[in-house]
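Subject: Structure handover

Hello,

Here is the structure I promised to pass on. Please open it alongside this note, and read my findings below.

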Protein chains: 2
Amino acid sequence: MQALSSIIRRTTAGFLVGILLLAAPALAQETGDVSTFTLDNGLQVVVIPDHRAPVVTHMIWYKVGSADEKPGESGIAHFLEHLMFKGTEKHPAGEFSARIAEIGGNENAFTTQDYTAYYQQVAPEALPMVMEFEADRMRGLVLTDEVIAPERAVIIEERRMRVDNDPGATLMEEVQATLYQNHPYRLPVIGWLQEMQTLDRGHAVAFYERYYVPNNAVLVVTGDVTSEKVRELADQTYGMVARGSDLPPRTRPQEPEQDTMRTVTLRDPRVSVPSFQKQWVVPSYSNGGKGEAEALDLLAEILGGGIRSRLYQQLIVKTGMAASAGASYDGGALDDGRFAIYGVPRGDASLEAVEKAADAEIARIASEGVSEDELRRAKNRFVRGMIFARDNQAGMARIYGSTLATGGTVEDLAEWPQRIEAVTVGQVKAAAARWLDQSRSVTGYLLPASEGDPQ
Amino acid sequence: MQALSSIIRRTTAGFLVGILLLAAPALAQETGDVSTFTLDNGLQVVVIPDHRAPVVTHMIWYKVGSADEKPGESGIAHFLEHLMFKGTEKHPAGEFSARIAEIGGNENAFTTQDYTAYYQQVAPEALPMVMEFEADRMRGLVLTDEVIAPERAVIIEERRMRVDNDPGATLMEEVQATLYQNHPYRLPVIGWLQEMQTLDRGHAVAFYERYYVPNNAVLVVTGDVTSEKVRELADQTYGMVARGSDLPPRTRPQEPEQDTMRTVTLRDPRVSVPSFQKQWVVPSYSNGGKGEAEALDLLAEILGGGIRSRLYQQLIVKTGMAASAGASYDGGALDDGRFAIYGVPRGDASLEAVEKAADAEIARIASEGVSEDELRRAKNRFVRGMIFARDNQAGMARIYGSTLATGGTVEDLAEWPQRIEAVTVGQVKAAAARWLDQSRSVTGYLLPASEGDPQ
């Protein structure tokens, strides 16, 4: 029971990260306090001291996610995240979690399309213990059939609860499968049911052996600790772990040119209020041209990033037609990014009217652009949001870890505020015109069973 | 020039087979005349004598198609089909084709999602020559960079002509990518452009070495020849080719449960008349339950299989709203099959009206079923169609080859007429109700640039 609920709690966070990474793009931060070094076995270490409170956050990031899975093995990355809480040669299952709980710490783990991360927040004196346990399970996991089969039942139950019993999640899954025609980002992180059912010890061992190696990981420690202390502890713990085989570059099948406008509709009696979401494949910080991802970040902010945004002002405040509306950009992916808008009608307004009004706001930016003042305020709000995120150890660790796990550098993070600052009104307009093209969008409709066709 | 046009001619046939396999399901045929045997190296041989004319048709089928390609290497199966016309250690490029042309023969080749086949039709006395050449290129191909690069330019140009310059083909490609959420049937046989551009000698050699082996092939010879003669020639030619490594079962990622209704829309100034096509993933002869594929075959015949069909009678003859309408079922796949309907409005009729009328015909069968008499006539028409197909050497060779290359047997073909005969009105109704569900359909719309949204 305890184990099950703890796993579900962990995975909730994982799903949130997958969906809301948009909320954690690169962070404004001088590199002055941040130190990085690499152990002989290839483990990259980042230390970000923060002595305001006697707490440390310890995160290890493996550069592997669901988009790295072999065809037919969807869900194995997330399954392995679960299995990492089983026993090792040195420690029985549950011991690590029990020790964290005993001292009042928190732990968490999550799997996304691009990486898998494990997290603990504890008092500084517990850091050596945490590092010993985490280093131990990097290579010491004992994966027997007795461990595999019950945990497979757990992830299948998790899928049933979180996806199959939730029309919104089911729709999101099939929107994603439609949005990506070739890239493995189309696959659900949790896996397709029929493939999850076949995951066995052989798959788990092969995945673990290949990807859970120090030369495929990034350690991020933030909080009340010094770089010297982390280096000393890292040498004693992770430093003892043998380097694994070199991994080839993370080359996944890429998206072809998309030429069509697509819709995905789910009607379900459990839906009471209709809604739409519209998505586009767009560049990311990893693969975009100079300033392109930054412009998309600011476009999302201006279009639908809060109560000052155009969608909020026009659809909710001015016309009152929408109960909810917004936009988001996920630029943190290793390959293509994703831009999304969404809307929910209010009162008698039709879903179609809300969608058309949202489309009109995009068209307006694409044709008329945004004002200097609007861009100025968006930059301020955006950078301020990042400052709030920085004012939080876990947020810091997450920003550094996700950036380094997707090919970014500490320098990228340091330069990021200047790069946001440099975005021009012309770039924002160009991003809207070039990327938010209706003829290559994918729109998901979540409708009550009795609702007429919105189209 | 000659080489280029010959390749394009060959591949045209390939594309037709991919699309129209529906027209060639299993054939009514007693096994009396058909003999099969397997060479020591694993090559399966089927001989179907037909002495009405001094002609033989020789086809070799490799059990590999685009759905067997590695992720990121789309197009390699079709590329290899092209490369098979290059030189071998014994014969320079073009010699085989020149010899066929010299004696007034025909040759052809095509690649589908499940198999790749090479075909020659010649006078019986040329059969030893054909078998010598075909056996020689099974293992003797010389794949140098000098051969690869120009041929890659040819397939890329082929894609540009056949897909990128044709809005209908572009739409069909993205409908397919939407229809299959997980199975590699979503990939175009010709390949995605950005992956075709990276195909090199390494990919071609690996694919050839793995799949072009006698134990992964089926030889079908029909026409004015005896089984004894074919066996003698096969021993002297293919029999000399070394067996390859055993191949694992052809297990591809399968489709998840589909829960959503999807649309794919392409507007293009080159389109003058709008049209729609609606597709469903359905069982095939390979993976369906008893009688399920047979019922789907008859459902397609009753719904839209010609001028006696319901779609034709209702939409074209009675209301006159459609210029064209029909239905088809492709049950010949190794994995899931596909069911499709299509319609084109006439005069002032709207595309939406035609689609609704077609949907209504499906709903009527799903709720009211079909009549005994209607089913009787459909079976007669259907089996008669197969008799015409049999009355043709190439058709025969194609029916046997495609069945054997997708896991079927000669016995399946022999029993097929009885299995069609056994389909009941209840099974046809059940197939429509179970599979042609709008809430899991994918509809493609091909629209003029100025046309209003059909939805």
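Q277(A) stands opposite G444(A), a residue of β11(A). The two strands involved are β8 (residues 275-282) and β11 (residues 442-448) of chain A. They pair in the antiparallel sense, over 5 bridges. Keep in mind throughout that this is a predicted model.

**The sheet across both chains**

That pair belongs to an open sheet of 10 strands. The order is β9(A)-β10(A)-β8(A)-β11(A)-β7(A)-β7(B)-β11(B)-β8(B)-β10(B)-β9(B), and the pairing is mixed. At the edges stand β9 (322-330) of chain A and β9 (322-330) of chain B. Each has a single partner strand, so one side of each is left without a neighbour in the sheet. Neighbouring strands are turned by 15 degrees against each other on average, ignoring direction.

Two helices of chain A deserve a look here. Helix α10 (residues 292-304) packs on the sheet and touches β8, β9 and β10 (337-345) of chain A. Its direction makes about 175 degrees with that of β9(A). Helix α11 (residues 310-318) of chain A lies across β9 and β10 of chain A. It runs at about 165 degrees to β9(A).

**Where the chains meet**

Which strands pair across the two chains? β7 (residues 261-268) of chain A pairs with β7(B). The sense is antiparallel, with 5 bridges. In this pairing, M261(A) stands opposite T265(B) of β7(B).

The contact takes 27 residues from chain A and 27 residues from chain B. On the side of chain B that touches chain A, α6 (167-179), α7 (193-196) and β7 (261-268) each supply at least two residues. β7(B) gives the most, with 7 residues. By type, the residues on this side of chain B divide into 10 nonpolar, 12 polar and 5 charged.

S324(B) is found in strand β9 of chain B. Is S324(B) buried or partly exposed? It has 16 C-beta neighbours inside 10 Å, so it counts as partly exposed. Leaving out residues up to four places away in sequence, S324(B) touches G343(B) and V344(B). P256(B) is 68 residues from S324(B) in sequence, and the two are 33 Å apart in space, C-alpha to C-alpha.

**Helix α13 of chain B**

Helix α13 (residues 372-390) of chain B has 19 residues. From first C-alpha to last it reaches 27 Å, close to the 27 Å expected at 1.5 Å a residue. Its buried residues include L375(B), A378(B), K379(B), F382(B) and M386(B). They cover an arc of only 100 degrees around the axis, which puts them on the same side of α13(B). An α-helix has 3.6 residues a turn, so residues three or four places apart point the same way.

What do the buried residues of α13(B) pack against? Their partners are α10 (292-304), α15 (410-421) and α16 (425-435) of chain B. The face turned away from the buried side of α13(B) carries exposed residues: D373(B), R376(B), N380(B), R384(B), I387(B) and F388(B).

**The other sheet in chain A**

Chain A also has an open sheet of 6 strands, in the order β1-β2-β6-β3-β5-β4. Its pairing is mixed. β1 (35-38) and β4 of chain A are the edge strands, and each pairs on one side only. The twist averages 15 degrees from one strand to the next.

Within this sheet, 7 bridges join β3(A) to β6 (residues 217-223) of chain A, and the two run antiparallel. H58(A) stands opposite V221(A) in β6(A). Helix α2 (residues 76-83) of chain A packs on the sheet, touching β4 and β5 of chain A. Its direction makes about 160 degrees with that of β4(A).

β4 (residues 106-111) and β5 (residues 116-122) of chain A pair in the antiparallel sense over 6 bridges. They form a hairpin with 4 residues between them. N106(A) has Q121(A) of β5(A) as its bridge partner.

Last, helix α4 (residues 127-139) of chain A. It has 13 residues and reaches 19 Å from its first C-alpha to its last, close to the 18 Å expected at 1.5 Å a residue. Its buried residues include the charged pair of names E134(A) and R137(A), along with L127(A) and F133(A). The buried residues of α4(A) pack against β3 (56-62), α3 (95-102), β5 and α9 (227-236) of chain A.

Best wishes

How values were computed:
Residues numbered from 1 in each chain as written. Chains lettered and ligands numbered in written order. Predicted model: local features only at pLDDT ≥ 70, side-chain atom pairs only at ≥ 80, totals over all residues. Contact = placed C-beta atoms within 7 Å. Pairing = 2+ DSSP bridges. Axes fitted to C-alpha atoms, helices over the stretch in contact; angles between N-to-C directions. Expected span 1.5 Å × (residues − 1). Buried ≥ 20, exposed ≤ 12 C-beta atoms within 10 Å, placed from the backbone. Arc of directions from axis to C-beta.
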